[in-house]
Amino acid sequence: MSLFRFKVFLLTVLVIFGCGTSWYRFDFTKVSSNKNMSIKVEKWVPEEHPEKWMEHLSPYVTEQTQMKDLVIPGSHDSASFDLDPGGGRAIDVTSYIELAEEKFERWFKTQNLDFTEQLKIGVRYFDLRTIKHPVTGNFHFVHGLFSHKTVEEYLKGIRSFLDKNKKEVVFLDFNHFYNMRKYNHRSLCTIIEKSFNKMILNRKKCLYNNMTVSKITLSKLWELNERVIVLYGSANKCKDHDHIWSRDEVDILWPSTSNKYSVVDNLLHEYKNLSRKDIILVWPAILTPFEDDYYLERVKSFSNLYEFVTPILEIIVKWIKSRPNIPFNIIFADFVEEHDFIKTVISANNKSL
């Protein structure tokens, strides 16, 4: 064989095998061909596809990782994107808070995005505060002000997203209630169950099989097609509702500070002093403008809550990236679209690979 023919042969072998290696991509690749029949292989990275990020996690994570070890982005006071300034102040307002009417919404709004928009960018945990409206008797979400719509109307939007995204799982954490009696809780639990039909994880069946929320995996939830987990702060008032889980399944590590440089230390201190660590654990990446010597000064220094709280997200994002061994679980924040918060939280699941 001449040297020229040998070079042609060698080049052909390299081209064939070089192209061939692109087919040997591991899980979650998307293969497409253009009109010229050339092949494009694109690897699905969960954080790059936030609308379906759970679907595109690795099989190891979806099949082996328990819910308490999955890292999930959440939003704080999730429904405060739609407060009604014309509806009057709600009874959840702390007595020390004295704000002019025109400033009230600005300091109680913790989210810019509605539920669907939050879901589309990757949020999978909602922090929900509920009130029975003193005039209409309907259930509304609340944070200083009443939400424009009823709870039932907002839940329809979440259900619509889940119907279109068959492998996404959502936590609904109903943890604060106002102006509600026992029969109101039963009515609200009925509304929640009807909104999602059989899509809610069945507490009674799980406990019968010695399965808790913290131990279940994504693949098991997919198999059951029960992709909504409802945590309820007064579950003892809804004992007959098989799909409502007690908040004994979850704990929240409140940092309780208005100082952005103290949040991380406070969270770690709270974690160190936990009595139970085999549960769903929520890490709030938030600042709290509570009453202290600087409260009035703070309100004067910032035009709204957004300006005051968003700097903490930059600190939290750096912390998550630099401390992969911390057992993060659900991490929630205000104004979740800022500082790559969602993408960073979702990416933290790569430590399990």
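This is a predicted model: local features need pLDDT of at least 70, side-chain atom pairs count only at pLDDT 80 or more; totals for chains, interfaces and linings use all residues.

Visitor: What share of the contacts links residues 24 or more positions apart?

Guide: If you take the contacts with a separation of 6 or more, 75% of them are between residues 24 or more positions apart.

Visitor: Let's zoom in. Is strand β4 mostly covered or mostly open?

Guide: Mostly covered: β4 spans residues 125-132, and eight of its eight residues are buried.

Visitor: Which way do the residues of β4 point?

Guide: They split into two sets. Y125, D127, R129 and I131 point one way, while F126, L128, T130 and K132 point the other way. Both sets are buried. As a rule, side chains in a regular strand alternate between the two faces of the sheet.

Visitor: Which strand pairs with β4 over seven bridges?

Guide: That's β7, residues 170-178, and the pairing is parallel. You can follow it on screen: Y125 sits opposite F171 in β7, and I131 sits opposite Y178.

Visitor: And in what sense do β3 and β4 pair?

Guide: Parallel again, over two bridges, with β3 covering residues 72-75. Look for S75, which faces F126 in β4.

Visitor: What about β5, parallel or antiparallel to β4?

Guide: Antiparallel, with three bridges between β4 and β5, the latter being residues 139-143. The partner of I131 in β5 is H140. The two strands form a hairpin with six residues between them, and G137 there has a positive phi near 80 degrees.

Visitor: Why does S78 count as buried?

Guide: Because its relative accessibility is 0%, and buried means under 20%.

Visitor: What does the side chain of S78 have a polar atom 2.8 Å from?

Guide: The backbone nitrogen of D127. Leaving out sequence neighbours within four places, S78 is also in contact with several other residues, including Y125, F126 and L128. Q111, F115 and Q118 are among its contacts as well.

Visitor: What about R124, where does that sit?

Guide: R124 is in the loop between α4 and β4. It counts as buried because its relative accessibility is 0%. Its side chain reaches the backbone oxygen of L119 at 2.8 Å.

Visitor: Switching to helices. At what angle do α9 and α12 cross?

Guide: Roughly 55 degrees, and their axes come within 10 Å. That angle makes α9 oblique to α12. To find them, look at residues 263-272 for α9 and 311-322 for α12.

Visitor: Why give both an angle and a distance?

Guide: Because two packed helices are described by the angle between their axes and the distance between the axes.

Visitor: Which residues meet where α9 and α12 touch?

Guide: V263, V264, L267 and L268 come from α9, and they meet I312, I315, I316 and W319 from α12. By type, that contact has eight nonpolar residues, no polar ones and no charged ones.

Visitor: Last one: is F104 buried or exposed?

Guide: Buried, with a relative accessible area of 1%. F104 is in helix α3.

Visitor: And which residues is F104 in contact with?

Guide: Setting aside neighbours within four places in sequence, the contacts of F104 are R89, V93, L99, G144 and L145. Also try finding N304: F104 and N304 are 200 residues apart in sequence, but their C-alpha atoms are 9.0 Å apart in space.

Note on methods
Residues are numbered from 1 along each chain as its sequence is written. Side-chain values use heavy atoms; hydrogens and water are left out. Buried means under 20% relative accessible area, exposed over 50%, partly exposed in between (1.4 Å probe, protein chains only). Helices (H or I, at least four residues) and strands (E, at least two) are DSSP runs, numbered from the N terminus. Two strands pair if DSSP finds at least two bridges between them. Axes are lines fitted to C-alpha atoms, for helices over the stretch in contact, and angles run from 0 to 180 degrees between N-to-C directions. Angles under 35 degrees count as roughly parallel, over 145 as roughly antiparallel, 65 to 115 as roughly perpendicular and the rest as oblique. Contact means heavy atoms within 4.5 Å. Ala, Val, Leu, Ile, Met, Phe, Trp, Tyr, Cys and Pro count as nonpolar, Asp, Glu, Lys and Arg as charged, and the others, Gly among them, as polar. A polar contact is a pair of N or O atoms within 3.5 Å; within protein, one must be able to donate a hydrogen and the other to accept it, and residues adjacent in sequence count only if both atoms are side-chain atoms.
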